Amino acid sequence: MATIRKQSIYSSIYIYAGFVFGAINVLYFFPKFFTPEQFGLTRILMDIALIFSTLCTAGMIPIAMKFSPFYQHHLSKDKNDLFTITFFIAIVACVIFYFFLPYLYPLIIRKFGFRSPLLIDYIEWIYPMVVGLVIFALLEAYAWIVSKNVASNFLKEFFYRILVTILILLWSFKIIKSFNLFIGIYALLYVPLILILGWIIFKSNFFRICFTQSRITKKFAPMMLKFGGAYFLSALLNILAKTNDTIIIASQSTGGLRDAAIFTIATYLITLMDVPQRSMASSATAQIAKAWRDKDMAKINRLYKKTALTLLIIASAIMGAVMINTNLIVKILGETYSSLPLLMLILGFGKIIELGTGMNAQILQLSKHWRIDLFTNMFFMGISIVLNYALTKKLGIIGTAYGSVIAIFLYNFIRFIYIKNIYKLQPFTFQNLIAFLIAIGLAIALYFTNFSNNIYINQCIKTILFLGVYGYLIIKLNISVDINELYEELKKKVLHR
């Protein structure tokens, strides 16, 4: 866990710094300088592009992650054709999608034309967004393989949001006067990221372009085809399950893109809890893949338990801090966003469930039982769409939140049962429960406590107290060995300065 912890720390710093700029964008700039419909449009375009980009990666990312250790072990760099194969197939998929996309326009117009007409005017920008996401996703996978995950996280989580901030400022100062031009540039923002990460990987001198089929490719081609095909469908279903909420809101909720904008703010604030998982996954995935190759179940068990506990502790801290400040958030944004506190509470518990079950996705995806990942994602997609569609029509965006949480619980519960029954592994210890109860108790106590009549001073005191007391109790009670080790390392560095 030492390498994972070190890389996770640096990645988390960049990701949280990116979230600061993202929060400024989502909570201030977009609501201030754009109509809710324009703001909602940017989110819907990205969600649709994410779905189609998953299609166009054609399962190449998991193939690269799972089989890269075998290629590296048995082949020299000059004969390693995995990099060439994965990129070639993904580019071919993008070309096929280009010719297929016009046939989807009538369906998109029929579903979104009434409640979200602005989407129809800018639907053609989906394609460049899709291509950018596909190329960057592949480069990101290879960055993880060569331990450049900190650089990829910096570009994806921090630099991208800086570019969005700059673009919004250009719009606010009337340097960009046309919304058409704004959306056009917004759709191409992944281009500089691709150029920078591509150069970093090129300079690593780890991969070469090789058009000769290697003996490893010949040997593993059938297995790679099955694995990639299954994971392709699994990843598609997973992204459909995670993005269908805003898409359903835009097509079924009475507020259309306006409601999508409100839901986007709620999900963005809760997505703060995702940061440790994003940084940890980029470091842990390669180690899990190697552990499966070496059949090191003890290492997988350690990673499973430690990552689940660490993610739960950090996620609980973030959720507590966010929920304590819900009144301040509504005051800043205005009464239009008065439904945010309940939305964030519901979605936050869903995120706690997701993160608290640890790296179950990576463990299943990289094991010989990777088909379970496909089947559970099929279930997740189906149940989330049914629940979100039915509850959104009945209850509006609050119904979408309920549907998402119910689907997340059922999805992770099934995966937990599979891993426990097949591999005799489970991520929970008594420490997990203690950490969660401490966070809940502190958050409730501080939510109903006031220290000042000034809301800004009051919320600042509450937040500092919550994080300080929670951190102290976690360390004092030795809830997590990794967090205590990190604390000791930081203390030594500070004392030796």
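1. A salt bridge here is a side-chain nitrogen of Lys or Arg within 4 Å of a carboxyl oxygen of Asp or Glu. Glu157 forms one with Arg161, their closest N and O atoms being 3.1 Å apart. Both Glu157 and Arg161 are buried, where buried means under 20% relative accessible area, exposed means over 50%, and partly exposed lies in between (1.4 Å probe, protein chains only).

2. The model is predicted: local features need pLDDT of at least 70, side-chain atom pairs count only at pLDDT 80 or more, and totals for chains, interfaces and linings use all residues. Residues are numbered from 1 along each chain as its sequence is written, and side-chain values use heavy atoms, with hydrogens and water left out.

3. The structure holds four salt bridges. Because Glu157 and Arg161 stand four residues apart in helix α8 (residues 149-172), about one helical turn separates them. Helices are DSSP runs (H or I, at least four residues), numbered from the N terminus. Another bridge joins the side chains of Arg43 and Asp47 (3.1 Å, N to O); these two are four residues apart in helix α2 (residues 36-57), so about one helical turn lies between them. Arg43 is partly exposed at 25% relative accessible area, whereas Asp47 is buried at 6%.

4. Glu354 and Lys351 also meet through their side chains in a salt bridge (3.4 Å, N to O). They are three residues apart in helix α16, therefore about one helical turn from each other. Glu354 and Lys351 are both buried.

5. What is the largest nonpolar core made of? A nonpolar core is a set of buried Ala, Val, Leu, Ile, Met, Phe, Trp, Tyr and Cys residues joined through side-chain atoms within 4.5 Å. The largest has 135 residues, and Tyr142, Phe182, Ile265, Leu340 and Met344 touch the most other members. Helix α7 (residues 126-145) supplies the largest share of this core, 14 residues. Apart from it lies another core of 16 residues, including Ala317, Ala435, Leu442 and Ala443.

6. Leu340 is in contact (heavy atoms within 4.5 Å) with Ile262, Ile265, Ala266, Ile329 and Leu333, leaving aside residues up to four places away in sequence. Ile329 and Leu333 are among the buried residues of helix α15 (residues 326-333), together with Thr326, Leu328 and Val330. Just after α15, Gly334 has a positive phi of about 105 degrees.

7. Helix α16 (340-356) and α19 each give two or more residues to the patch, and α16 gives the most, with three. Leu395 belongs to helix α18 (residues 371-395) and is partly exposed at 46% relative accessibility.

8. Which residues other than glycine have a positive phi? Lys424 has one of about 60 degrees; this residue lies in the loop between α19 (397-423) and α20 (430-447) and is exposed at 67%. Asn478 has one near 55 degrees, lies in the loop between α21 (455-476) and α22 (481-495), and is partly exposed at 41%.
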